[in-house]
Amino acid sequence: MASTPRRSSLVAILAALLAAVLLPLSTLSAHGADTPLRTLASADGRQIGVAVADNRLTGSTAYSSLVSGQFNSVTAENAMKWDAVEPSQGNLNWAAADRLVAFARANGQVVRGHTLAWHSQVPGWITNGGFGAAQLRTLLQQHIATEAGRYAGKVYAWDVVNEAFNDNGTRRSSIWQDNLGDGWIADSLTWAHQADPAAKLYINDYSIEGVNAKSTALYDLVKSLKQQGVPIDGIGFQAHLVLGQVPSDLKANLQRFADLGVDVAITELDVRMQTPSNATTLASQAEDYRKVITACRAVARCVGVTVWGLDDADSWVPGVFSGYGAATLYDENLQAKPAWAAVAAAFGGSTASPSPSGSGSGSPSSSASPSPSAPPSSSPSSSPLPGGCTVAYRIANQWTGGFTADVTVTNKGTSAIGPWQVGWQFGAGQQVTQGWSAVFTQSGSAVTAANPSWATSLAPGASYGFGFNGSWGTSNPVPASFTLNGTVCTTA
Ligand code: G3I
């Protein structure tokens, strides 16, 4: 049962104080206690996301303003799953999914698409349809082509394959595994790539946060997919955690996957506990959230963290784990919990407790502008770079009023460059609305993308990629030239 607002706020404040004591001093910074999480994460070149429930998005302004104000990435909790978008064969219902994509675009957020091929939430017309293996393969291919194709250019990443393994590392029995065989994973990734070549394609799973039989089986699969040239760009670690049980090898595990050449992301974070919560358990939960954010920040290819549900009233946990709950960053009254302050602190914000509402929400328009941003730790040198540099700027996707661009900078010299910043001028009034993997600032038409804290140096010969969503008006020309620390680069 929900506690009263007053009692809940008091508990939150007490626990925030306790959490602040537990948090290391190194996380203190100049950011205010109400700085939105998205501002802090963007300044770190990372995503902070939330799973969004369609009925809450449409039904509660308080909910939707926290989603837009606090997060720079959104995932549909259910609205993009197959049973939601095709409840009966050929009857396609995109209303809720379209709503979220439009909301994200209006608020300068990226969308993580969830999910294309999963054993659960497969519509009944398929599970009960008596289809043979060849028909099922065609249906899955068509579904992926249709959904990933519909949102091509609008979805940053897809959880193409969800939950394909058992805890012992064997393949999970499912309609896809049992009928299509082991190849369904590679096939699904390939079909998704054909439908949306620019989207980052993920395999997503739970209980893979530490090194164990399940994560190692997935690791072996990713290695093999990479060797075969199958399009796999990232691994999603769901991280549905139990209080006090963040695996101690989380960072090492994320890193071993990153070392295979894929991005990693925490995609469904929550930390459940026995309810009712109290100040001590909420403080422990804050510490768990801090550990997860810190582990992600310690891995260069960890693109960010998504929490699974905005608030405790909205979480899947109590319905599945009886007696457990209180797993998210906000309580049932949308009051920020100590975990909120811990996430903020772990991203470099203040460790002071948030304001009572904890929203720090900011207006959508202000939050959509590029992050006010942490400057690089020291100023980039503007002396000419001896070996030069190249910059490749590619418009990955474009739609009316918006676009996604990927930028790759390469150090062609023989010495490392760092800290670094890439600069360019937009020629037609374009604006960066949301960036990733670099720290963006824009003043008029001049844009700089500076190194994030975790990639301060560009080694000789090394390339580094980052990207952003932007807005455009009458035209969207590619910038005429680019600089790296003031030196004009060759355009690749
Ligand atoms: O839409 C129907 C509605 O028509 C019906 O009246 C109602 C009656 O129960 O059910 C509604 O469907 C529910 C659906 O959520 C949408 O609200 C399902 O019963 C319910 O089981 C479903 O739960 C979702 C669950 O995935 C399904 O497996 C949770 O909200 C969602 O948080 C959860 O998310 C999963 C991720 O996708 C994958 N990783 C694990 C994570 C947590 O289980």
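Me: Which residue in β17 is the bridge partner of V432?
Reply: In β17 the bridge partner of V432 is G470. Helices (H or I, at least four residues) and strands (E, at least two) are DSSP runs numbered from the N terminus, and two strands pair if DSSP finds at least two bridges between them.

Me: Before we go on, what kind of model is this?
Reply: This is a predicted model, in which local features need pLDDT of at least 70, side-chain atom pairs count only at pLDDT 80 or more, and totals for chains, interfaces and linings use all residues. Residues are numbered from 1 along each chain as its sequence is written, and side-chain values use heavy atoms, with hydrogens and water left out.

Me: OK, back to the strands. How many bridges join β14 to β17?
Reply: Five bridges join β14 to β17 (residues 463-471), and the two strands run antiparallel. They belong to an open sheet of five strands with mixed pairing, in the order β14-β17-β12-β11-β20. Because β14 and β20 (490-491) each have a single partner strand, they stand at the edges, and one side of each is left without a neighbour in the sheet.

Me: And G435, is it buried or exposed?
Reply: G435, which lies in strand β14 (residues 431-436), counts as buried because its relative accessibility is 12%. Buried means under 20% relative accessible area, exposed means over 50%, and partly exposed is in between, using a 1.4 Å probe and protein chains only.

Me: What is G435 in contact with, beyond its neighbours within four places in sequence?
Reply: With those neighbours left aside, G435 is in contact (heavy atoms within 4.5 Å) with F440, G467 and F468. G435 is also 8.4 Å from R46, C-alpha to C-alpha, although the two are 389 residues apart in sequence.

Me: Changing topic, which residues are closest to the ligand?
Reply: The closest are E77, K81, H114, E163 and E268, out of 14 residues that surround the ligand; a residue is near a molecule if one of its heavy atoms lies within 4 Å of it.

Me: Which ligand atoms do the polar side-chain atoms of K81 and E163 lie by?
Reply: For K81, a polar side-chain atom lies 2.6 Å from an oxygen atom of the ligand, while for E163 a polar side-chain atom lies 2.9 Å from a nitrogen atom of the ligand. Q121 has a polar side-chain atom 3.3 Å from an oxygen atom of the ligand.

Me: You mention Q121, so where is it found?
Reply: Q121 is found in the loop between β3 (110-117) and α7 (124-127). Its phi is near 50 degrees, a positive value in a residue other than glycine, and Q121 is partly exposed, with a relative accessible area of 24%.

Me: Which other residue has a positive phi although it is not a glycine?
Reply: One of them is S207, with a phi of about 55 degrees, and S207 lies in the loop between β5 (200-205) and α11. Most residues other than glycine have a negative phi, and most peptide bonds are trans.

Me: Then where is a peptide bond cis?
Reply: The bond from T275 to P276 is cis, with omega near 0 degrees, and P276 has its place in the loop between β8 and α13. The bond from G418 to P419 is also cis, with omega near -5 degrees, and P419 is in the loop between β12 (402-411) and β13.

How values were computed: A polar contact is a pair of N or O atoms within 3.5 Å; within protein, one must be able to donate a hydrogen and the other to accept it, and residues adjacent in sequence count only if both atoms are side-chain atoms.
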